[in-house]
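I opened this structure to record how its parts are packed together. My entries follow in the order in which I looked things up.

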Amino acid sequence: MIREVLVDNPFTYEGQPDGSSVLVVDPYMGCQLQCPYCFQWNDADWSKTIYVNMNISDKLTQHIPNIDDDIYIGSKCDPYMQLEERYRLTRRCLEVLSHCENHVYITTKSDNGLILKDLELLKIFNNTSPTVLMGLSNINQAGKGRLNSSIRIANELRHNGIDVWCFFTPVLPYIMDVDDMVDALDESIPVYFDKLRVMTEGNQDKKILTWINSKFPHY
């Protein structure tokens, strides 16, 4: 179910493994990608309803003069999931942030190429261009090796001068040909890895097992 809502504050904080936190803007709450390994599934109600934060760019305009921190777009959503094609809330937030001095990080695993529609906007930020954190573990691309669509998107962004980091979070053992995927990336793109984290909260562990049994039963 999709629900349009209004927000009072555009920002939340996400805790980091070292005990610190980062400032986050989520144009949406919930994610259409539905990757079974996602740590957000430790909340059993997460993504049952996807909330569209209709006024988030207006609230961002109001609050951003008081913010000096780096800003991350996308924590409890993928900012370029398919809903973005309809609502364009991520783009509206980027238009606001393009006039600011804050460094912006965009976290996405979407393989639909919607981020490329914002390529010219990403090039004209007042400060340095945003850093795109491109995930290569999109569940629809698992097992495709160097044909993973997100690799092509990451390379196109990089070839257009956008700062790109790629991450395997998580590495899916046996399913991913990690060496082949890394070899297909522009050599200037840093790559980060993390292990598969399995949790019982929210039945995340059962979601992972169901997906493996369905798509890769031999594993």
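**Entry 1: helix α5.** I looked up what covers the buried residues of α5, and the list includes α4 (119–122), β8 (131–135), β9 and α6 (178–184). I note that the model is a predicted one. Helix α5 covers residues 149–159, and its buried residues are S150, I151, I153, A154, N155 and L157. I then examined the ends of the helix. After α5 comes G161, which has a positive phi near 85 degrees.

**Entry 2: the nonpolar core.** Which members of the largest nonpolar core touch the most other members? They are L94, M134, L157 and V164, in a core of 65 residues. Helix α3 supplies the largest share of this core, namely five residues. I listed the contacts of V164, leaving aside neighbours within four places in sequence: V132, M134, A154, L157, R158, I189 and P190. Two of the residues in that list, A154 and L157, are among the buried residues of α5.

**Entry 3: helix α1.** In α1, which spans residues 56–63, I found I56, S57, K59 and L60 buried. Viewed down the axis of α1, these buried residues fall within an arc of 160 degrees, so they line one face of the helix. The background to this is that an α-helix has 3.6 residues a turn, so residues three or four places apart point the same way. The cover over the buried residues of α1 includes β2 (11–15), β3 (21–25), β5 (50–53) and α3 (89–97).

Not counting residues up to four places away in sequence, L60 touches P10, F11, V25, C93, V96 and L97. I also looked up the separation of L60 and L94: their C-alpha atoms are 10.0 Å apart, and the two residues are 34 residues apart along the chain.

**Entry 4: aromatic pairs.** How many aromatic pairs does the model contain? The count is seven. In the pair F168 and F193, the ring centres are 5.1 Å apart and the planes lie at 15 degrees, so I recorded the pair as stacked. Because F168 belongs to strand β9 (residues 163–168) and F193 to strand β10 (residues 191–193), the pair ties together parts that are 25 residues apart in sequence. Are F168 and F193 buried or partly exposed? F168 has 0% relative accessibility and so counts as buried, whereas F193, at 48%, counts as partly exposed.

I next looked at W211 and F216. Their ring centres are 5.5 Å apart and their planes lie at 65 degrees, so this pair is edge-to-face. Both W211 and F216 are buried. I also noted one aromatic cluster, formed by Y72, Y105, W165 and Y192. A charge over a ring was recorded as well: the charged end of K207 sits over the ring of W41, 4.4 Å from its centre.

Entry 5: I looked up S75, which lies in the loop between β6 (71–73) and α2 (83–87). S75 has 17% relative accessibility and therefore counts as buried, the cut-off being under 20%. Residues up to four places away in sequence aside, S75 touches E14, V24, D26 and Q40.

Where is the cis peptide bond that I noted? It joins T169 and P170, with omega at about 5 degrees. P170 has its place in the loop between β9 and α6.

Q34 has a phi of about 60 degrees and lies in the loop between β4 (28–29) and β5. Q34 has a relative accessible area of 38%, so I noted this residue as partly exposed. N203 also has a positive phi of about 60 degrees, and is found in the loop between β10 and α7 (204–215). At 40% relative accessibility, N203 counts as partly exposed.

Note on methods
Residues are numbered from 1 along each chain as its sequence is written. This is a predicted model: local features need pLDDT of at least 70, side-chain atom pairs count only at pLDDT 80 or more; totals for chains, interfaces and linings use all residues. Side-chain values use heavy atoms; hydrogens and water are left out. Rings of Phe, Tyr and Trp (its six-membered ring) pair if their centres lie within 6.5 Å; planes under 30 degrees apart count as stacked, over 60 as edge-to-face and the rest as tilted. Helices (H or I, at least four residues) and strands (E, at least two) are DSSP runs, numbered from the N terminus. Buried means under 20% relative accessible area, exposed over 50%, partly exposed in between (1.4 Å probe, protein chains only). A charge sits over a ring if NZ of Lys or CZ of Arg is within 6 Å of the ring centre and within 35 degrees of the ring normal. The arc is that of the directions from the helix axis to the C-beta atoms. Contact means heavy atoms within 4.5 Å. A nonpolar core is a set of buried Ala, Val, Leu, Ile, Met, Phe, Trp, Tyr and Cys residues joined through side-chain atoms within 4.5 Å.
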